[in-house]
Amino acid sequence: MSFVETHVTSLDSSPSPVDFRCAPVVEPFLGAARPIASAIRDIGGAEAVSHIQQLELASVLPELERRADAPVLLFHLAELLGHANLAAAWQGLSGIPARAAELPASVDLAALPDATGTRWTAWLPVVDAARPPSLALAGPRGWAPLPAQGLTHSRVSGLLGFARGEVLTWSTEPSVTPEELGVQSLAPESWSALVRAQLALLSGLLVGATRRLVDEAYAYAKTRQSAGKSINQHQAVALRLADLALHQEALSLYLTARVEECRPPGMRGGPESLSAGYVVELAFRIARDAVQTAAGHGYVEGLPFRRLFEQVRTLTVMLQGTKAAAEPVSPVP
Amino acid sequence: MRIDPEAVLEEIRRDDPESWPLFEAMQRHIPPIAARADADAEIPPEFWPLVPVDLQNRVNMPPQYGGVVLTATAVRRAVVFERIGRLCPALPIGLPGPGLSAPPVLALGTEEQKVAYFNRFLGQTRPVWGAFAITEPQGGSDAAAMRTVATRDGTDYVLNGTKCFITSGGRADVVVVFASLDPNKGRFAIRAFVVPRDTPGFAVDRCEDMMGLRASQLATLSFTDCRLPASSMLGHTGKRGPHVDAFTGAQASWDYMRPVLSSLINGGCLGMVEYAEQCLAEGEAELPRAKVEQAREELGVFRARISSSQMLALRAAWKFDAGGRASTDASLAKAFASTVSMELAHKLAAMFPVKAATAGDRIEKFYRDAKAFDILEGTGDMQRLMIARAYEH
């Protein structure tokens with residue numbers, strides 16, 4: 001019997017039309033992930049990632065994907081783990097969308113196209129020279145293993161906020177045919193699963209990262225003294241702290257709803273219906289105000305503010321890119 | 001998480017055939033009178049024969065005391081008033097019923113007081129209003145600064161003081177008034193009294209000439225040697241008054257109403273986005289053609305903002321119904337909704353400057369109404385201070 005069959009509870013058959021509790025289907029997984037989130041909070045990358053891999057999500061996700069629950073689970077796990085250790089969470093979960101789409105096990109990560117369908121981008125949280133990831137291009141009509149002929153490849157090192165991260169891009173001339181690229185078929189539902197999982201992952205990481213920023217800002221404001229009292233007792237700071245909470249709650253609810261909309265089959269919306277512009281606006285406000293709360297200490301290395309400010313920026317860029325890939329105009333491969 | 005307002009409405013329609021016609025009547029008859037209500041600062045008299053007034057009087061009142069099932073839960077209130085708000089977010093604030101006065105009666109009153117209070121709203125063929133009076137000219141949110149006093153005199157209390165910014169205060173049949181038994185004892189001395197309109201010494205000093213929400217008739221009320229029996233004090237058993245202060249009853253009012261008000265604001269914002277999209281589609285944009293598409297995108301982002309706001313309001317309502325502490329959620333909902341509404345009003349004024357400056361246009365009216373949302377039932381600043389305090393823990 002699989003993990004899903006053993007642990008997944010069925011949804012209430014006569015649910016209340018308004019219910020803000022977490023979907024029952026993900027609770028067992030979150031229960032298993034909570035100790036891992038605590039464990040990875042203060043440890044480095046490789047060790048933290050090995051903790052996350054204990055969840056064996058790769059084997060669970062395809063099964064949940066058939067029930068359309070995979071993005072929901074991925075979102076909540078990414079939030080939980082991203083709050084604890086964003087870099088490790090991204091690294092540990094970045095291969096999951098390829099599994100949700102049931103790409104071959106040899107593919108570690110799928111590069112997604114831009115709106116023109118002639119340029120693909122892969123974001124790597126960590127590049128391990130000893131074991132470079134196995135990559136593939138993916139699009140609404142198929143996927144192609146890399147490397148492939150007829151592509152221009154470029155690499156940008158030093159991904160903002162992720163010291164060992166990289167952005168890899170590939171572009172092709174329109175004259176290059178899918179056959180020349182070695183395109184293999186990808187069912188429309190697999191492409192949809194890939195995009196939804198990627199959006200759910202990034203959304204969850206973003207919610208986790210921004211919640212961490214809010215927590216850090218409140219903790220800092222409570223201990224930092226100015227004019228004989230902690231700075232959270234100064235109204236100007238208190239109002240900013242309130243806006244931090246307000247914007248984080250708004251972002252969290254908005255993204256949760258967008259991701260969970262895809263759970264009931266055939267229901268409108270889904271993560272691809274999200275407004276990337278709005279998400280970027282809220283995430284930026286949270287990151288900006290959190291850094292501002294800690295002022296100089298938020299701007300320099302030491303406390304988590306600077307790193308999270310940069311990481312949130314990178315996450316929003318990735319989310320915008322994935323949202324563009326989800327647009328129906330994306331053509332090939 | 002499950003958010004399905006349509007299913008909530010369907011549930012109401014199925015479970016409550018009695019009050020569903022009221023919902024339909026409000027939807028049908030509020031839009032034609034909204035502009036006139038704003039201009040005259042009064043709900044036009046021709047509205048009353050068009051709606052079932054007896055049902056209207058029982059809105060936002062608990063069903064066990066005769067309230068309509070339409071608004072029996074916070075989630076229902078939120079969903080219903082968001083729909084009404086799409087048509088006009090201002091006028092519903094002035095509709096009859098106990099309104100903000102219901103929660104303190106429920107939270108503080110004895111069973112006998114509750115029955116007596118809500119009976120005033122039953123079986124009436126004319127509109128009946130209740131009002132909630134806590135704010136004073138020299139202080140709003142600072143309960144300790146309250147100057148209205150209730151002085152014991154034999155078995156009675158004598159009320160003296162002034163209350164301001166009282167919604168529907170000018171036409172209320174009965175007002176729940178907060179007063180201090182001893183200003184030196186701060187919030188612990190505050191009690192709430194039921195004051196009928198015909199009590200000698202109770203006067204409506206004036207109705208404010210407001211920028212927006214004009215049909216809600218914000219009033220200044222004064223109480224001069226207003227003699228009240230001890231049974232007027234909420235929680236008074238006939239032998240002694242309550243040991244707890246009445247400020248918890250005021251907080252109950254805000255927890256009860258802020259999700260409703262937030263939903264009303266959200267509905268208003270959605271209605272205005274739809275109106276603006278329609279104007280853009282019909283070529284009424286006062287923008288260069290190249291900027292019309294950008295305007296559409298900006299309205300799309302506002303839809304996303306409103307989506308967050310809707311969920312904040314519904315979550316506050318859902319928590320209220322579940323019996324949990326909902327004060328912070330109510331503040332989050334109110335602060336976010338009122339901020340979005342003012343930002344939207346500003347954006348629409350930029351997109352449609354002539355409409356925004358034309359008296360009677362929906363955009364012009366919304367620009368005035370939206371500002372009020374950040375002020376009434378607790379200013380945005382107060383909500384934020386409450387949020388900041390709550391998140392510190």
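Here is a short briefing on the fold of chain B and on a few residues in both chains. This is a predicted model, in which local features need pLDDT of at least 70 and side-chain atom pairs count only at pLDDT 80 or more, while totals for chains, interfaces and linings use all residues. Residues are numbered from 1 along each chain as its sequence is written, chains are lettered from A and ligands numbered from 1 in the order in which they are written, and side-chain values use heavy atoms, without hydrogens or water.

**Overall build of chain B**
- Chain B contains twelve helices and eight strands; these are DSSP runs numbered from the N terminus, with helices being H or I of at least four residues and strands E of at least two.
- The radius of gyration of chain B is 21 Å, which agrees with the value near 21 Å for a compact globule of 393 residues (taken over C-alpha atoms; the rule is 2.2 Å times the number of residues to the power 0.38).
- Along the principal axes, the C-alpha atoms of chain B fill a box of roughly 75 × 45 × 45 Å.
- In chain B, 59% of the 393 residues count as buried (buried is under 20% relative accessible area, exposed over 50%, partly exposed in between, with a 1.4 Å probe and protein chains only).
- Taking contacts in chain B between residues at least 6 apart in sequence, 74% join residues at least 24 apart (contact means heavy atoms within 4.5 Å).

**Cysteines**
- The disulfide count over all chains is zero, where a disulfide is a pair of cysteine sulfur atoms within 2.5 Å.
- B:Cys164 is in no disulfide, and its nearest cysteine sulfur, that of B:Cys207, is 13 Å away.
- B:Cys164 counts as buried because its relative accessibility is 5%, whereas B:Cys207 is partly exposed at 40%.

**Backbone points to look at**
- Most residues other than glycine have a negative phi, and most peptide bonds are trans.
- A:Leu146 and A:Pro147 are joined by a cis peptide bond with omega of about 0°, and A:Pro147 sits in the loop between β5 (142-145) and β6 (152-157) of chain A.
- A:Ala295 is not a glycine, yet has a positive phi of about 50°; A:Ala295 lies in the loop between α11 (276-294) and α12 (296-299) of chain A.
- B:Ala41, also not a glycine, has a positive phi of about 55° and belongs to the loop between α2 (20-40) and α3 (53-56) of chain B.
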